[in-house]
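Open the structure in your viewer and keep the selection tool at hand. The stops below go from one selection to the next.

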Amino acid sequence: MSQVPHQVESTGTGSALYMALEVGATRWLLTFGLGVATPVRRKVMAAGDREALRREITAAKRHFGVTAETPVQSCYEAGRDGFWIHRLLEAEMVVNVVVDSSSIEVNRRQRRAKTDRLDGEKLLRMLIRHWQGERDLWKVVHVPSRETEDARHAERAITTLVAERTRQRSRLHALLALHGVRRRITMRLGDQLATLPDWAGEPLPPGVVARLEGTWRLLVQVETALRAARQAQRVAVRDAATPAAVRAARLAQLVGIKVGSALMLSKEVFARDLRNRRQVGALSGLVNVPYQSGEAAHDQGISRAGLRQVRRVIVELAWVWVKWQPDSDLTQWYQRRFGGGGPRARRIGIVALARKLLIALWRYSEQGIVPAGAVLRA
């Protein structure tokens with residue numbers, strides 16, 4: 001087996017200055033070093049203070065005795081702040097990597113010391129090992145362009161609106177159930193709230209009517225925003241003015257795939273630089289996780305380490321695919337393997353079908369290869 005070559009570690013003047021960032025809401029902890037065996041330098045600065053960042057980098061270079069032209073290589077954990085910190089560091093000519101925090105190795109003891117100082121030192125050591133060539137040390141997050149990242153907000157806003165609509169509808173049902181009222185939520189319900197009778201035929205109390213009317217107004221606002229967002233999706237796909245819209249228009253030609261799902265997959269999956277089916281499956285989290293130790297060997301189920309919204313949509317599309325594409329090879333495979341089983345077997349099978357379907361749609365989006373046996377719209 002080939003071994004990854006390691007560079008000779010410096011204990012004095014190094015070829016690069018390493019910097020690990022512990023990012024907080026109000027302050028950042030910067031941990032500098034030249035190598036694993038050298039002392040570190042820690043400094044605290046206000047979050048996002050660009051001038052302070054420049055000063056600390058310059059002071060760290062003087063402290064370690066390296067030249068002003070020495071490159072700086074940094075890292076921080078992906079989190080709430082997203083990628084603007086990465087773009088700030090790049091603007092300051094710092095070579096940065098964004099790390100998936102769940103991929104960082106930790107002590108498995110039940111109680112372990114955890115402080116920003118210890119986390120910063122650990123990040124620094126792992127950053128040095130990363131640039132010395134150690135593979136599979138952690139997972140580096142792909143940083144999208146500013147435009148690509150911004151384009152994803154439309155579909156994510158629709159997901160938020162759908163969840164909010166469900167919440168408001170459930171609240172209406174719960175308030176009506178307090179007084180034994182069962183009503184379907186239609187667009188005419190708002191005009192009937194003040195006159196609805198309770199279980200005994202009496203008018204509803206004014207307190208619950210006020211809450212019902214307030215909840216109804218929120219629901220109407222959510223429904224209006226949701227209709228406008230979905231209309232904007234249809235216009236975007238029809239105009240095909242962006243690469244994501246072009247991909248979505250191609251996907252929407254398949255029977256059973258609507259514009260919303262096509263756009264979400266195009267922006268969240270197919271807009272990334274994915275090179276093979278393994279990367280596609282890993283992004284969705286629909287890959288099995290084996291466990292083997294000695295004589296014990298079993299499957300731990302899917303990893304669920306990818307994008308949750310992609311996993312939700314592609315599983316829903318798998319059920320739709322079985323219904324609207326019955327003659328496709330994917331549906332025939334599912335029916336042979338799982339169609340004759342019980343509900344649990346069919347649910348397990350639909351997850352396997354979802355992974356195969358996502359890979360097939362990726363190939364169709366990238367190379368124009370129509371899934372075998374699939375039917376296109378006229």
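Which residue in β3 does L29 stand opposite? This is a predicted model, and in it L29 faces V44 of strand β3.

Select strand β2, residues 27-33. Six of its seven residues are buried, so by the cut-off of under 20% relative accessible area the strand is mostly covered.

Next, select strand β1, residues 17-23, which runs antiparallel to β2 and is joined to it by six bridges. A hairpin of three residues leads from β1 to β2. Across this pairing, E22 stands opposite L29.

Move on to the aromatic rings, where the count comes to three pairs. Select W28 and W84: this pair is tilted, with 5.9 Å from centre to centre and 40 degrees between the planes. W28 belongs to strand β2 and W84 to helix α2 (residues 84-91), so the pair ties together parts that are 56 residues apart in sequence. W28 is buried, at a relative accessible area of 1%, whereas W84 is partly exposed at 38%.

Then select W333 and F338. Their rings form an edge-to-face pair, 5.7 Å centre to centre with 75 degrees between the planes. W333 is buried, with a relative accessible area of 16%, and F338 also counts as buried, at 14%.

For the last stop, select K356. Its charged end sits over the ring of W333, 4.9 Å from the ring's centre.

How values were computed
Residues numbered from 1 in each chain as written. Predicted model: local features only at pLDDT ≥ 70, side-chain atom pairs only at ≥ 80, totals over all residues. Heavy atoms only, no water. Buried < 20%, exposed > 50% of the residue type's maximum accessible area, 1.4 Å probe, protein only. Helix = DSSP H or I, 4+ residues; strand = E, 2+ residues; numbered from the N terminus. Pairing = 2+ DSSP bridges. Phe/Tyr/Trp six-rings, centres within 6.5 Å; stacked < 30°, edge-to-face > 60°. Lys NZ or Arg CZ within 6 Å of the ring centre and 35° of its normal.
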